[in-house]
Amino acid sequence: MTEPNNNAAAAMPPYAKREPKRREFHGDVFFDDYEWMRDKESPEVRDYVSAQNRYCEQRMAHLAGFRSTLFEELKSHVEETDMSVPTRINDYWYFTRTQQGKQYGVQCRMPVRGEDDWDPPEVDPKGEPGSMPGEQVVFDANAEAEGHDFFRLGGIDLSRDGRWMLYGVDVSGDERYDYRIRDLAARKEDGSPVELPEQFNGIGGACFTPDGQWVFWVEIDDSWRPFAIWRHRVGAPVESDVCVYRETDERFWAGVGISFDERNIVIGTGSKTTTEVLMLPTATPEGEFAAFIPRQDGIEYDVSFACFEGAGEDGSDIPLAVVYHNANNPNFEIDVIDMRRHEPPYRLGEGVCVAAGSPYGCEHGEIDKPITEAYYNPVNPAILEGAHGLGIEGIALHRHFVTLSYRSDGQPHVAYMPKDAAAADFLAGRPWRFRELLPPPLDNDWDMVAAERDDETGDHGEWLWTEDAGVPEASASGASGAAAVDHTSSSDGASDDHLPGETRRLYSIGTGGNPSYDAPRMRYSFSSYTRPGELHEIDPATGQDTLLKRATVLGGFDPRDYMERRVWITARDGERIPVSLVWHRDCPAQDAPMFITGYGAYEISSDPGFSVSRLSMLDRGVLYAVPHIRGGGEMGRAWYEQGRRLNKKHSFEDFVDATRALQRARLADPRRTVANGGSAGGLLMGAVANMAPECYAGIEADVPFVDALTSILDPDLPLTVTEWDEWGDPLHDPDVYRYMKSYTPYENAPSGSDAGVEAAGDDANDAEEVTTPAAHFPKIFITTSMNDTRVLYVEPLKWLARLQSAGVDAVAKIEVEAGHGGISGRYKQWEEVSYENAWCMAVMHITR
């Protein structure tokens with residue numbers, strides 16, 4: 001045995017003293033042994049954190065070489081010196097440069113060549129920032145980060161003329177930003193930037209009015225809730241700023257920005273289930289904000305303004321209000337109001353509905369109908385008819401085109417049409433003739449429809465798993481049975497519709513790169529699990545599609561070497577759960593090591609995306625799996641509702657049932673299965689470890705929300721009251737208290753005495769079994785940050801202590817200068833993910 005392994009074997013987890021603190025609610029008593037760890041400034045806590053970090057380093061020391069290998073692999077795939085495609089905003093083309101050896105990007109710009117200049121300038125991607133004629137460095141985060149262990153840019157806003165820059169930075173990770181105003185047209189004699197004296201410290205965000213004369217900024221309270229909006233006149237003392245809005249309901253957050261047409265200052269305030277929009281014309285910044293539609297409990301809405309240029313009978317413009325809301329449809333609808341005929345006050349539901357989501361399965365819809373039933377509505381565009389789990393996500397009206405974002409069949413979609421066609425449809429009172437935006441397929445790739453289907457190779461000719469009568473079927477518990485059987489079913493539509501030229505890959509697609517209202521062409525981006533991100537530009541009138549940039553992946557990467565597929569498994573309550581699978585085409589997924597990851601909360605969807613660091617796993621034969629569990633938004637609002645509050649256990653059950661289905665189908669080996677999740681996904685990890693420890697060899701929990709009940713019971717903690725809409729209110733509702741206590745990882749973790757706890761072994765591959773009640777519990781790897789304001793460090797720290805006291809092989813890497821998003825700087829982040837992946841693959845018996 002090597003010396004590092006001897007050291008690891010001798011390592012013992014740090015001792016955590018027990019100071020039982022009584023917690024009593026609704027007649028239930030719980031003694032919390034480790035609540036003393038909440039005192040962040042205590043020398044005892046600091047010493048304990050340092051001891052845990054030393055223990056982690058000892059336990060991970062034998063993987064140092066493997067970590068270095070993974071880091072070098074990741075770096076070898078990255079074009080370290082590169083730049084983004086320039087984007088026009090007002091009179092400048094903006095782009096970001098990255099340079100080899102530099103941790104952060106550099107924001108640059110070049111002036112447009114004329115009013116009609118919509119073709120990006122040709123810029124040398126290997127050049128130094130500021131090296132091109134007319135190129136100006138706007139913000140160099142590398143220079144700004146000097147002297148700081150952590151650095152994050154909170155946001156940049158520019159005046160319309162491009163002279164004044166409002167920017168915010170966070171150097172501790174606590175998500176409180178310090179904002180400054182910089183003059184981009186001037187420099188001091190020593191070359192340093194000129195900044196105005198006013199400073200906005202520890203705030204949540206800020207924006208300029210288009211003329212750069214006013215700043216509206218967001219105050220954060222002691223619970224880290226953005227709750228008040230202040231107005232500042234540029235050049236005046238900050239002490240003279242005026243509070244223009246204060247949110248008194250503790251469930252609500254507040255934010256401020258400028259409308260897309262720059263005509264209004266917009267305050268948006270909302271809880272998890274209710275929103276309100278207040279507006280003030282930018283022409284009168286000292287006026288009073290007024291609600292567009294007063295807040296209604298349980299109703300979410302947003303509003304924007306646009307017009308149909310020259311579409312009136314006399315050639316005049318038709319002013320429009322575009323309202324997005326769920327007053328009549330839980331999966332949202334979009335109403336377009338002709339402002340020539342409507343006067344305030346406005347109400348939700350008036351105007352012309354141009355798109356409506358499916359109410360099937362929703363609490364305030366048709367709850368008895370299955371989520372996956374095809375939905376038809378005569379107001380909808382033809383491309384939405386017959387969709388499953390249809391959710392409307394937004395619409396954007398530009399001068400020359402209109403885009404519609406929606407979700408269907410568990411995936412994001414975008415549709416588009418020319419603006420003049422939208423005006424014609426609106427005036428004629430017919431459904432709008434949107435076309436779905438489909439990313440182009442790769443040449444000679446399996447994402448084109450196969451000429452013939454082959455039962456042995458799945459829907460697209462890929463080897464997913466093989467039948468071998470000589471190999472017993474592996475169940476989740478390791479029991480043997482018959483030959484391998486396909487226990488999953490394809491439901492991505494690819495094998496049924498045979499639409500020529502349609503991509504067969506699972507992908508994410510969006511139109512966020514269109515900041516200018518006047519742009520004649522529409523930009524869109526997409527990526528998949530196996531295809532690096534691409535930026536395209538399409539002419540809405542002709543449909544001509546131009547590739548502007550494809551992310552470069554070096555090292556001989558070919559997307560055709562990797563496969564992806566959507567399968568559906570049946571959960572224990574009969575609901576069908578989509579699961580995305582990714583693997584290397586030369587490594588059939590049969591009894592494979594598996595990395596399975598999930599989230600399942602806040603209606604956030606885990607959509608496909610490319611990851612360079614994932615390639616090291618796939619190239620070593622790992623099956624990558626993403627169950628799109630309830631609690632997320634993949635199948636619309638009903639999917640979210642079925643995984644929150646008193647339905648939260650569905651999230652955990654879906655994840656476990658997906659894991660078992662893949663293992664019973666002999667795609668994955670439970671002895672080499674590692675699960676991963678972060679934040680609310682970390683709660684998921686703790687819950688599934690307690691529910692089904694036999695399914696997982698290891699679990700990586702990142703900034704995990706594992707002491708959820710303690711946190712949600714304390715309204716004085718950051719974010720607690722705003723979270724009651726998501727988890728329920730255990731402080732006042734005994735049913736919610738009992739339900740949460742039945743699943744929260746900390747209360748339900750294995751427990752044990754301090755005496756007789758044995759070391760967990762010399763490495764992650766073949767650790768000796770511990771003689772405690774947790775002998776068959778998965779190995780646990782935890783990441784957390786001392787400055788995290790969303791999931792306080794104390795939650796994973798207490799969980800860690802309880803697991804270790806029970807003999808669980810648990811280690812934690814604790815960042816002392818970072819927040820909820822982890823460390824900053826791209827090379828540091830690459831080292832971090834290599835560290836984490838080395839542990840995960842070691843648990844899978846992969847160390848080379």
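Predicted model: local features only at pLDDT ≥ 70, side-chain atom pairs only at ≥ 80, totals over all residues.
## The chain as a whole

Let's start with the big picture. The chain has 848 residues, and 58% of them count as buried. Its secondary structure comprises 16 helices and 41 strands.

## The largest pocket

Now look for the open spaces. The largest pocket holds about 1300 Å³ of space. Its lining is made up of 46 residues, and Ile89, Asn90, Glu262, Pro515 and Ser516 are the closest to the centre. Several strands give two or more residues to this lining, among them S4 (87-89), S6 (106-111), S8 (152-158) and S21 (301-308). Strand S5 gives the most, with four residues.

What kinds of residue line the largest pocket? Sorted by class, there are 21 nonpolar, twelve polar and 13 charged residues.

## Enclosed spaces

The structure also has cavities: five of them reach 30 Å³ or more. In the largest cavity there is about 110 Å³ of space. Thirteen residues line this cavity, and those nearest its centre are Trp118, Gly513, Ala519, Arg523 and Glu537. The lining of the largest cavity splits into five nonpolar, four polar and four charged residues.

## Aromatic rings

Next, some rings to find in the model. The structure contains 30 aromatic pairs. One of them is formed by phenylalanine 200 and tryptophan 217; this pair is tilted, with 6.1 Å from centre to centre and 50° between the planes.

Elsewhere, Phe308, Phe426, Trp432 and Phe434 come together in one aromatic cluster.

Let's zoom in on a single residue. Aspartate 702 sits in strand S39, which covers residues 698-702. Why does aspartate 702 count as buried? Its relative accessibility is 16%, and the cut-off for buried is under 20%.

Which residues does aspartate 702 touch, beyond its neighbours within four places in sequence? Its contacts are Asn676, Gly677, Gly678, Ser679, Thr783 and Glu836. With asparagine 676 there is also a polar contact between the side chains, at 3.1 Å. Glycine 682 is 20 residues from aspartate 702 in sequence, yet the C-alpha atoms of the two are 5.8 Å apart in space.

Our last stop is helix H13, which spans residues 734-741. Its buried residues are Val736, Tyr737, Tyr739, Met740 and Lys741. What covers them? The cover includes two strands, S1 (21-25) and S2 (28-32). Helices H9 (649-664), H11 (708-713), H12 (720-727) and H14 (745-748) also take part in covering these residues.

Key. Residues numbered from 1 in each chain as written. Heavy atoms only, no water. Buried < 20%, exposed > 50% of the residue type's maximum accessible area, 1.4 Å probe, protein only. Contact = heavy atoms within 4.5 Å. 1 Å grid on protein atoms, 1.4 Å probe; cavity = no way out; pocket = protein on both sides within 12 Å on 5 of 7 lines; lining within 4 Å. Points joined across faces, edges and corners; volume = space filled by probe spheres on them. Nonpolar A, V, L, I, M, F, W, Y, C, P; charged D, E, K, R; others polar. Phe/Tyr/Trp six-rings, centres within 6.5 Å; stacked < 30°, edge-to-face > 60°. Polar contact = N/O pair within 3.5 Å; in protein donor to acceptor, adjacent residues only side chain to side chain.
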